[in-house]
Structures are given as C-alpha cells and as structure tokens.
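Here is a short report on charged side-chain pairs. Keep the sequence and the model open while you read.

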Amino acid sequence: MTDERGKIKIFIAGDSTACDYEPSRAPRAGWGQMIGRFFDQNRVVIANRAISGRSSMSFINEGALGGILADIKSGDYLLIQFGHNDAKKEDPSRYTDPATYQTYLSQYVNGARQAGANPVLITPVNRRSFEQGRLVSTHGRYPEAMIALAKKEKVPLIDLTERSRVLFEALGEEKTKELFLWLKPGVSVNYPEGVQDDTHFAEKGAVEIAKLIVQGIKELNLPLAKYLR
C-alpha cells in the first residue's frame, strides 16, 4: 500500500462528467479521472468521489459527502462541480432550484472548511449544444447561482461553464465531437453500434476539461498550484 503521509489529497465531488469509468466504458472518461496526470504524484493523491447521475442534493442524501468529510484532512482540497442533474425537475430525488442548489453547495463548503480543508467551486461544464455556430447554455441559472455563492462565501471559483464555452466555440460544432463520446459503429468494442453523446467525454475531451481546471487553479494562484507538474 502506498504511503500517503505528507501528501495533499484532492477530493472531487461531482457527477458523471467528473467521475471515473471502468475499462468496459472506455473511451468514456470524466475530467476527475484525468486531472491527476497534471500533478506531482509523489506529493498529491486524487480521491475522485464523483458519482454518475448525482446532483448537489442526492450526493448528500446518499451519504457521499459524509464519506468525504470523514476522510478529508486539514490542508486537503475539495473540488465541487454539480449542476447537470440539479435541473431535472422530473426527478424529485435530484432536482433543486437555484436557491436550494446554493443551500446544498454551502454544505460542501462549510464541511470542508470545518475540517481545515480548502473548498473550490467549479461551475458545470457545458454540453455540446450549438445553434448557428454558437454554444447554447443548457444549465440555466445554476452557474450564476454558484458564482454568487462563491462571492458571498469568499470561496475560490473556477468558471468551467465559461471556460468550456470558449473552448467549444473555438473548436466549432464538428471538431468538438472529438472531445465528446461520439463514435462511429465498429470503432470501439465497447460501443459496437456507435454512440452520439453530447454530455459525456471521450478520454481526449476529459483531458482538455482537466486542463481548463488546471488553468483555473493557476490563475487563482491557489497554493495547490505548486504541486502541478
């Protein structure tokens, strides 16, 4: 077993865009699965606790945040990205309105701080949704609700919604398919009939989204930046 004494742990709380995937789902990947390659692994441990399909509320109600707070230590970091599933009005186990979303996010922030750890809020990454060459936001008021909370509580924030918009529009509607789980039939044994998924990333895309978060860490001048490779 690896000796982790003296290492910083980066915990990730999030949904399917961030979580780890087993080899049978490759090349599908979450950004949390890829972000470790940008850090000095002799000094940093990635604890990716993101779970597919979760909202800020259901992640708490199922005990996942409690599990993180039981393990997180002073000096560690908690990266928090939700919003994809909070908007699903048809599912009361996951739906939050933007104000309730803020209330749940506050539990992550306060829990991390009470443990002496460092919360970082990350607005939800965009889906691949274009109209006339421009990206269409599918996250409604959730990004601005998170930004307002970050300002109020003085929490570092990485606006991944905006960063991913800039990236996707620069690439364009067709080129962006290379980042997402878009595969033709016969290309992957895991998706023999092909797949067209505008929410989840292929490994290439997960790496690019992880890069955006790393850029945000640098620009915020977080102490965590000194552990980057």
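The sections below cover the salt bridges of this predicted model.

## Overall count

Across the whole structure, a search finds 13 salt bridges. A few of them are described here.

## The Glu22 pair

Glu22 pairs with Arg25 in a salt bridge. Their closest N and O atoms are 3.9 Å apart. The cut-off is within 4 Å, so this pair counts.

Arg165 forms a salt bridge with Glu162. The closest N and O atoms of this pair are 2.6 Å apart. Both residues belong to helix H6, which spans residues 160-171. They sit three residues apart, or about one turn of the helix. Arg165 is partly exposed at 25% relative accessibility. Glu162 is partly exposed too, with a relative accessible area of 34%.

Arg165 also forms a salt bridge with Glu169. Here the closest N and O atoms are 2.8 Å apart. Arg165 and Glu169 are four residues apart in helix H6, so about one helical turn separates them.

Which residues do salt bridges with shared partners join? Arg134, Glu162, Arg165 and Glu169 form one network.

Notes. Residues numbered from 1 in each chain as written. Predicted model: local features only at pLDDT ≥ 70, side-chain atom pairs only at ≥ 80, totals over all residues. Heavy atoms only, no water. Salt bridge = Lys/Arg side-chain N within 4 Å of Asp/Glu carboxyl O. Helix = DSSP H or I, 4+ residues; strand = E, 2+ residues; numbered from the N terminus. Buried < 20%, exposed > 50% of the residue type's maximum accessible area, 1.4 Å probe, protein only.
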